[in-house]
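Open the model in your viewer and keep the selection tool at hand. This tour goes stop by stop, with something to select at each one.

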Amino acid sequence: RRVLIPHVILPTLFDRRTRASLRTLAVMKDRYGRTVSETVIPVDTQFREASHDGYPLTLENPTARGSLAYAEFVRCLLRDPVECAVAVA
C-alpha cells in the first residue's frame with residue numbers, strides 16, 4: 001500500500017533579520033500557498049562546520065538551531081503531512 005505525501009516546500013537558509021529572506025518567504029507563500037512549510041530552516045554556520053567534520057549537523061550537534069528546525073519539520077511530517085504547509089494569510 002502506497003501512502004501519498006503532498007509536496008511541501010521547505011524554505012532553507014532563512015534569516016529573519018534580513019528583508020531579503022522575509023520578502024522571499026512572502027513571495028513563496030503568495031506563489032505556492034499551502035505547499036510552503038510553516039517551518040523554516042535558519043542560516044546556521046554550524047551546518048558548514050559539521051560538513052567539514054564529515055557528519056550531519058543533527059549528529060554533530062543535535063541542539064543546534066538548524067538541527068532543531070529539521071527535527072521540528074520531521075515531527076510535523078510524521079504527525080500530519082498536510083498540516084506541515086500553511087495557507088497564505
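Contact here means heavy atoms within 4.5 Å. Keep that cut-off in mind; the model is predicted.

**Stop 1: the whole chain**

Show the cartoon. The protein has 4 helices and 0 strands. Follow the chain from the N terminus and the elements run α-α-α-α. Now colour by burial. Of the 89 residues, 28% are buried. Residues 24 or more positions apart account for 59% of them.

**Stop 2: Phe 14**

Select Phe 14. The residue sits in the segment before helix H1, which spans 19-32. Is Phe 14 buried or exposed? Its relative accessible area is 7%. Buried means under 20%, so Phe 14 counts as buried.

Next, show what surrounds Phe 14. Leave out residues up to four places away in sequence. Phe 14 then touches Ser 21, Leu 22 and Leu 25, and also Val 40, Ile 41, Pro 42 and Val 43. Pick Ile 41 from that list and draw a line between C-alpha atoms. The line from Phe 14 to Ile 41 spans 6.0 Å, although the two are 27 residues apart along the chain.

**Stop 3**

In soluble globular proteins, nonpolar side chains tend to be buried together.

**Stop 4: the largest pocket**

The pocket holds about 220 Å³ of space.

Colour the lining by class. You get 5 nonpolar, 1 polar and 6 charged residues.

**Stop 5: the aromatic pair**

How many aromatic pairs does a search of the whole structure find? The search finds 1. Select Phe 47 and Tyr 70. Their ring centres are 6.0 Å apart and their planes stand at 85 degrees, so the pair is edge-to-face. The pair links distant parts of the chain, 23 residues apart. Phe 47 belongs to helix H2 (residues 45-53), Tyr 70 to helix H4 (residues 65-79).

Phe 47 is partly exposed at 28%. Tyr 70 is partly exposed as well, at 31%.

Technical notes: Residues are numbered from 1 along each chain as its sequence is written. This is a predicted model: local features need pLDDT of at least 70, side-chain atom pairs count only at pLDDT 80 or more; totals for chains, interfaces and linings use all residues. Side-chain values use heavy atoms; hydrogens and water are left out. On a 1 Å grid over the protein atoms alone, a cavity is a set of points where a 1.4 Å probe fits but cannot get out, and a pocket is an open set with protein on both sides within 12 Å along at least five of seven lines; lining residues have an atom within 4 Å of a point. Grid points are joined across faces, edges and corners, and a volume is the space filled by probe spheres set on the points. Ala, Val, Leu, Ile, Met, Phe, Trp, Tyr, Cys and Pro count as nonpolar, Asp, Glu, Lys and Arg as charged, and the others, Gly among them, as polar. Helices (H or I, at least four residues) and strands (E, at least two) are DSSP runs, numbered from the N terminus. Buried means under 20% relative accessible area, exposed over 50%, partly exposed in between (1.4 Å probe, protein chains only). Rings of Phe, Tyr and Trp (its six-membered ring) pair if their centres lie within 6.5 Å; planes under 30 degrees apart count as stacked, over 60 as edge-to-face and the rest as tilted.
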